Amino acid sequence: MAAARRMLSLLLPLAWARPAGCADPPDGGWLAGSVPEEERCTVERADASLTYSLFLQRFAFSRPVILRGVTDNSAFRALCTREKLLAAFGTRSVRLSTANTYSYRKDTLYFFGDNNFTEWGPLLQQYLPPPFRIPGTSPAYSFGIAGSGSGVPFHWHGPGYSEVIFGRKRWFLYPPDMTPHFHPNETTLAWLHHTYPALPPAQRPLECTLRPGEVLYFPDRWWHATLNLDTSVFISTFLG
């Protein structure tokens, strides 16, 4: 499913008006959400001391990891404030689409695929992806802006990274051999309210909330679902 819309009409409901003459706010001008955050994080973290060889040995083919400090995307982040995006792209049309293993009623739309990446190049070229590559793959970007309470239900695909630029995004992950219990037409927020509380400890997913500057790596075929706690700006690097 895809829909062409003007960037201006998409971003205005997700932001608050910044008074003239003020510096860019820390949250980029995006609306904070009311979805509660779970403090528990069961995904391993690593910092800039992680070497490529250790990444391949411990994470690339076996389990997720949250990376911090491996790249500096402050320049890209400065371009992703609500005001900067509206100034640069507010009058342009974008094709919004959903990509998922299953079909469901869509509640999150992504800037992905059928767009003129030459036109958007000045923005996307400023992004620095994580330095760790999976042998035999090449990267493809998916840039997203989503409102609080939205997200993508459980699905799987190849390996990749996802970095939060503004806002907070909660992740739930299961290994390939542990299919989660969910309905493909149920949102992640509904799953969190109806199914998650009844899960016994052994059936709980790996989970964590990502904040700006944090990057999640997920291996090939790992099930994952997302929930945007705030209006979130994020970019994923799919390794195909």
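How many bridges join strand 8 to strand 11, and do they run parallel or antiparallel? I worked on a predicted model, and there I found six bridges between strand 8 (residues 169-174) and strand 11, with the two strands running antiparallel. Within this pairing, Arg170 stands opposite Leu227 in strand 11.

I then looked up the sheet around them, which is open and consists of three strands in the order 9-8-11, paired antiparallel. Its edges are strand 9 (206-210) and strand 11 (223-228), each of which pairs on one side only, and the twist averages 15° from one strand to the next.

Next I turned to the salt bridges, of which the structure holds ten. Glu37 forms one with Arg168, where the closest N and O atoms are 2.8 Å apart; Glu37 sits in the loop between helix 1 and strand 2, and Arg168 in the loop between strand 7 and strand 8, 131 residues apart. Glu37 is partly exposed at 23% relative accessibility, whereas Arg168 is buried at 15%.

I also checked Arg45 and Glu214, whose side chains meet in a salt bridge at 2.6 Å, N to O. Arg45 belongs to strand 2 and Glu214 to strand 10, so the pair ties together parts 169 residues apart in sequence. Here Arg45 is partly exposed at 43%, while Glu214 is buried at 8%. Finally, I noted that salt bridges with shared partners join Glu37, Arg168, Arg211 and Asp230 into one network.

Notes
Residues are numbered from 1 along each chain as its sequence is written. This is a predicted model: local features need pLDDT of at least 70, side-chain atom pairs count only at pLDDT 80 or more; totals for chains, interfaces and linings use all residues. Side-chain values use heavy atoms; hydrogens and water are left out. Two strands pair if DSSP finds at least two bridges between them. Helices (H or I, at least four residues) and strands (E, at least two) are DSSP runs, numbered from the N terminus. Axes are lines fitted to C-alpha atoms, for helices over the stretch in contact, and angles run from 0 to 180 degrees between N-to-C directions. A salt bridge is a side-chain nitrogen of Lys or Arg within 4 Å of a carboxyl oxygen of Asp or Glu. Buried means under 20% relative accessible area, exposed over 50%, partly exposed in between (1.4 Å probe, protein chains only).
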